[in-house]
Structure formats: structure tokens, C-alpha cells
Amino acid sequence: MIYVILGIIACIIGVISGVSLQKKRYAAEIAKAHQEASKLLDRARVKAQKETEKINEASDRQTSDYKESIEEELDSYQADNATRQIRINQRENGLTQTATRLDQVHQDLSKRNNELSELKQSIADLKKQAVDLSKERVETLEKRGDLTSAQAKDQIFDQLSQDLMREKDIELRYQQDEAAVNAPKIAKIMAVDAIQRGPVDMPREHTEHTVQIYDNSTKQKLVGRDGQNIRYIETLTGVDLVFDPDDGSLLHVVTADPIRREIAKMAITNLTVSKQINVQSIEHQVQAAQTDVMNDIRKTGEQTVSSLHIGWMHPDLIKIIGRLKYRTSYGQNVLNHSVEVADIAGLLAAELGLNVKLAKRAGLLHDIGKAIDREVDGTHVELGVKIAETFEEDPQVINSIASHHGDVDVTTPIAHLVAAGDSISGGRPGARSESVEEYVNRLKSLERIASSKRGVRESYAIQAGREIRIMVDPRKVNDQQNAELANQVKDEIEDELTYPGKIKVTSIRDFKAVAFVGVEKKKAHRANDGKNCQGQFKNVGFRQKEM
């Protein structure tokens with residue numbers, strides 16, 4: 001216990017001694033801090049004094065600089081004021097001089113105004129005298145000529161009117177004669193230009209009437225048991241399906257309707273590809289082919305009308321135009337032919353200053369009747385006119401359709417352009433095709449018909465059978481018989497042959513009479529006596545007829 005108390009006492013004594021030592025240490029640190037603070041204050045005072053001196057020096061320097069700049073600015077202001085004062089004095093002098101000049105000008109103007117007033121008065125007096133003299137002259141003329149001024153005016157106007165009418169008639173006759181002479185040349189140039197700028201030769205789309213079936217099992221499925229499937233296809237499509245006897249894989253689609261043919265071909269092709277041939281698949285494929293063909297017809301019509309830029313057209317009429325895609329004439333696709341005619345007619349209309357859009361519209365619709373001529377009785381011209389009237393087309397378009405084959409008279413210039421475009425598109429090389437055998441037979445038939453006539457020496461079918469030239473013996477055929485011969489050949493060709501477009505029949509009668517002066521030339525004349533009447537291509541006794 002005593003040790004514990006002693007320990008406690010020792011701890012207390014230690015604490016007290018530690019606190020006293022700590023106080024002493026703190027007092028020493030405080031004294032040291034006071035010393036350092038006094039030193040810092042001294043240094044701060046010295047630094048502040050130096051800074052104050054620097055600031056004072058800088059302010060003094062700035063004050064002196066500002067004073068100098070102000071003095072310089074005042075000097076410049078004084079100089080400017082002096083300059084301005086000089087200018088003001090100069091302007092005052094100029095104004096004084098101007099005022100003096102204006103006063104002088106005012107005096108001059110007053111003087112000239114007085115002179116002008118005197119001149120006006122003298123002019124007025126002269127005018128009055130002139131009017132009086134004119135009245136006296138008119139009165140004198142009327143008394144001496146027994147004719148009033150109104151009557152004299154009427155006589156002058158009548159004479160001028162007669163002279164003008166005469167000059168007008170002369171000028172019109174000259175213009176008509178010049179137009180008649182230049183019209184063929186201008187028409188030829190315009191036609192050539194339209195051909196070069198219009199139709200674009202494209203590979204001809206041959207119309208296929210057959211479907212190739214290479215797989216024998218597919219062929220058996222297509223035929224079906226006892227031919228049920230193929231007869232069902234014929235019933236749905238309205239065509240006749242016949243296998244080629246020489247080639248069993250070749251199936252002929254026999255029908256006069258090109259749209260039915262296309263539907264049947266598409267349906268059979270899809271069936272052979274799918275190889276699932278039964279009643280349900282046949283019905284499905286035929287319906288799908290009908291839908292595809294109808295959509296293609298509508299799309300084709302819309303693209304054609306849009307590409308020609310001919311304005312709005314009835315949707316049903318657009319579908320009829322699309323049907324022309326599957327129609328051909330002498331191997332030429334009717335839709336491509338109609339587009340060519342529209343382009344050519346539009347180019348010619350642009351050259352002549354006519355309505356280009358209307359000309360293209362008439363050219364596109366001129367063969368529209370061929371789209372339904374296999375389904376409705378009547379010629380394609382009659383059907384085309386009915387279609388155009390049904391859809392309320394322009395009368396010029398209707399006349400172009402009705403007259404492009406000469407069935408009715410042409411009443412509008414656009415109808416002439418459409419007829420020209422139709423002839424150019426159908427007659428240009430490569431537009432229409434026929435077999436070589438038919439081509440050769442047609443040429444031989446033309447020459448045979450011409451050569452069978454009395455008095456014909458030679459005959460030639462030229463221009464791919466579009467013209468037949470006949471050379472006659474001038475000793476056996478006179479001019480009147482020559483004309484009758486051309487008509488006879490024309491009528492016989494119409495009765496016996498089938499021909500595309502137009503054939504020109506040209507009969508040529510050439511007679512030469514040659515006489516020589518001198519013995520040697522007479523001998524030469526006798527030697528060539530039998531050759532004087534040989535036919536030449538001369539425009540003597542020239543007769544021609546067109547079909």
C-alpha cells in the first residue's frame with residue numbers, strides 16, 4: 001500500500017515538474033516568436049517604404065507623361081482650329097463669288113426668257129398665217145377641181161387599197177409558188193432528220209409460240225392421266241396445246257390471242273419449274289400468270305405514256321396501250337411502232353411549230369385499235385376511232401387515227417404528220433420482217449405481173465419490193481397506153497398479192513430521135529440504127545401510180 005502511495009506521489013511530482021518545464025518551453029517559444037515578429041515588422045516597414053517610393057516615382061513619371069501628351073494634343077487642336085478657320089474663310093469667299101455668278105445668270109435667263117416670249121409670239125403669228133393660207137389653198141383647189149377634200153381623200157384611199165390588194169395578191173402568189181417548189185425538199189430534209197433523231201433500232205422481240213419441256217417426267221405430269229391436266233390448262237387459258245410430232249419436248253401454244261398465249265406460256269413454264277402439277281397448282285399458276293400479265297400490261301402502258309410526256313391519260317386507255325406490247329404486225333411490235341410514230345410526229349411538229357404533245361399523243365394512239373381487233377369485229381382504224389371517242393380524246397387525235405390509212409380525209413396538219421410517221425416507221429429497213437421465201441416470191445410475182453403486159457420490155461422490183469419499175473417499148477406503147485399500163489399493173493397487184501405498206505408502180509417510156517449531118521456520121525448512124533430506141537431512165541413520158 002505504501003508503495004502505491006509513493007508511486008502516486010511520484011507521478012504527481014513528475015506531472016508537476018513536466019508542466020513547469022512545458023511552461024518554461026512555451027515561454028521561450030513565445031519570446032522567440034516576439035523577436036521574429038518584430039524582425040518581420042521591421043522588414044515590412046522597409047519594404048513598404050521602398051514600394052511607396054517606387055509608386056511615387058511611377059506616379060510622378062505618369063503625371064509628367066500625361067501632361068506632355070495633353071500639351072501635344074492641345075497644340076494639335078490649335079493647329080486644326082487654325083486650318084479650319086482658313087477653310088471657312090475660303091468657303092465664305094467661294095459662296096460670295098457663287099452668289100455673284102448666280103445673280104449674273106439670273107439676269108441672263110431673264111433676258112433669254114424675254115427673247116423666247118417674243119419668238120413664241122412670232123411663231124404663233126406664223127402658224128395663224130399658215131392656217132389661213134392652207135384654208136385658202138383648199139378652197140382654191142376645191143373651186144378649181146370641183147372636188148371636196150373628203151372626196152379627194154376617198155379617191156386616194158381607194159387607189160391605195162387597190163394597189164395594196166394587187167401587191168398582196170402578187171406576194172401571196174409568189175409565196176405559194178415558192179412553197180410549192182421548196183415543200184418537197186423541206187419535207188425530205190425534215191423526214192430524214194426525224195428518222196435520225198427519232199426511232200432507235202432495237203433487237204426485234206420474236207414472238208415465241210412454244211414451250212420447251214426437257215424433263216420426261218415433268219412432261220408426263222403436265223399431260224396427266226389420260227391428258228386431264230393439259231386439257232384443264234387448255235380450259236383455263238383458252239388455248240390449244242399440241243406437242244410437236246418431230247420433237248416431243250416442244251409444246252406448241254396455239255391461239256390467235258397473244259395475251260392468252262402469254263398467260264398459257266407463263267403458267268406452263270412456272271408449272272415445269274415447280275414440278276408440282278395438280279389441279280390446285282394449275283389453277284394457282286394460271287391465276288398468278290393472269291395477274292402478272294395484267295400488271296405487266298398496266299406497268300408497260302404507264303411507262304410508255306410517262307416516257308413520251310403527253311400529259312394525263314385515262315387509266316383504262318393506258319391499259320389498252322399496254323396490250324399493244326403483245327401485238328405484232330409483219331413481225332414489228334405494235335407498241336414499239338406506236339412509240340416510234342409518236343417520236344417522229346413530235347419531232348416534225350416541233351419543226352413546224354405545231355403542238356408537240358398533241359402530235360405525240362396522236363402518234364401513240366394511231367394503232368390503238370390493234371389492241372382489241374382480235375376480240376371485237378371491225379378494222380383497227382374503226383376500233384381505234386371508237387376507243388378515242390369513248391375516252392373523249394381531242395378531235396385532231398381522232399382524225400389522225402381515222403385517216404392514217406386514207407380511210408377518211410385529213411382535216412388537221414397533225415394527221416399528216418402521223419401518217420408520215422407511220423409510213424417512216426413501217427417502211428424503214430429492218431422494221432418489219434418476212435421469210436426469205438416469201439420475200440423472193442413477192443419480188444418474182446411483181447416482176448411477173450409487170451412483164452406479162454403487152455409492150456413491156458423489162459421490169460425490175462426494187463427497194464425491197466416497195467417499187468416496181470417498168471420499161472416499155474416506145475414503138476408499141478404510146479403515152480396514153482403507158483398510163484393505162486401502170487393502172488393495170490397496180491390493180492392486178494392489189495388483187496393477187498399481199499403486201500405491207502405501199503408499193504409504187506413506175507412505168508417509163510423513153511423515145512430518142514437522133515439525126516447526123518455528114519457522110520461518116522450517117523454511116524455511124526446506120527450502124528447504130530437498132531439502138532436508138534433503147535430504154536433509159538429519163539423523165540420522158542414518165543408515168544407513175546402509187547398503191
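1. How many residues lie between β2 and β3 in the hairpin that they form? The hairpin of β2 and β3 has six residues between its strands. The structure is a predicted model, in which local features need pLDDT of at least 70 and side-chain atom pairs count only at pLDDT 80 or more, while totals for chains, interfaces and linings use all residues. Residues are numbered from 1 along each chain as its sequence is written, and side-chain values use heavy atoms, with hydrogens and water left out.

2. The strands β1, β3 and β2, in that order, make up an open sheet with antiparallel pairing. Helices (H or I, at least four residues) and strands (E, at least two) are DSSP runs numbered from the N terminus; two strands pair if DSSP finds at least two bridges between them. At the edges stand β1 (210-212) and β2 (240-243), each of which pairs on one side only. Ignoring direction, neighbouring strands of the sheet are turned by 25 degrees against each other on average.

3. Three bridges link β1 to β3 (residues 250-254) in the antiparallel sense, and four bridges join β2 to β3. His252 of β3 is the bridge partner of Thr210; His252 is also the bridge partner of Val242.

4. The largest nonpolar core has 37 residues. Such a core is a set of buried Ala, Val, Leu, Ile, Met, Phe, Trp, Tyr and Cys residues joined through side-chain atoms within 4.5 Å, where buried means under 20% relative accessible area (1.4 Å probe, protein chains only). Val305, Met313, Ile321, Leu364, Leu365 and Ile368 touch the most other members. Helix α8 gives the largest share, eight residues.

5. Ile321 is in contact (heavy atoms within 4.5 Å) with Gly301, Val305, Met313, Leu335, Leu364, Leu365 and Ile368, leaving aside neighbours within four places in sequence. A separate core of 22 residues includes Leu241, Ala267, Leu271 and Ile282.

6. The axes of α10 and α11 cross at roughly 170 degrees and come within 8 Å. Axes are lines fitted to C-alpha atoms, for helices over the stretch in contact, and angles run from 0 to 180 degrees between N-to-C directions. The two helices α10 and α11 are therefore roughly antiparallel to each other, a term for angles over 145 degrees. On α10 the contact is made by Val381, Gly384, Val385, Ala388 and Glu389, and on α11 by Ile398, Ile401 and Ala402.

How values were computed:
Buried < 20%, exposed > 50% of the residue type's maximum accessible area, 1.4 Å probe, protein only. Parallel < 35°, antiparallel > 145°, perpendicular 65-115°, else oblique.
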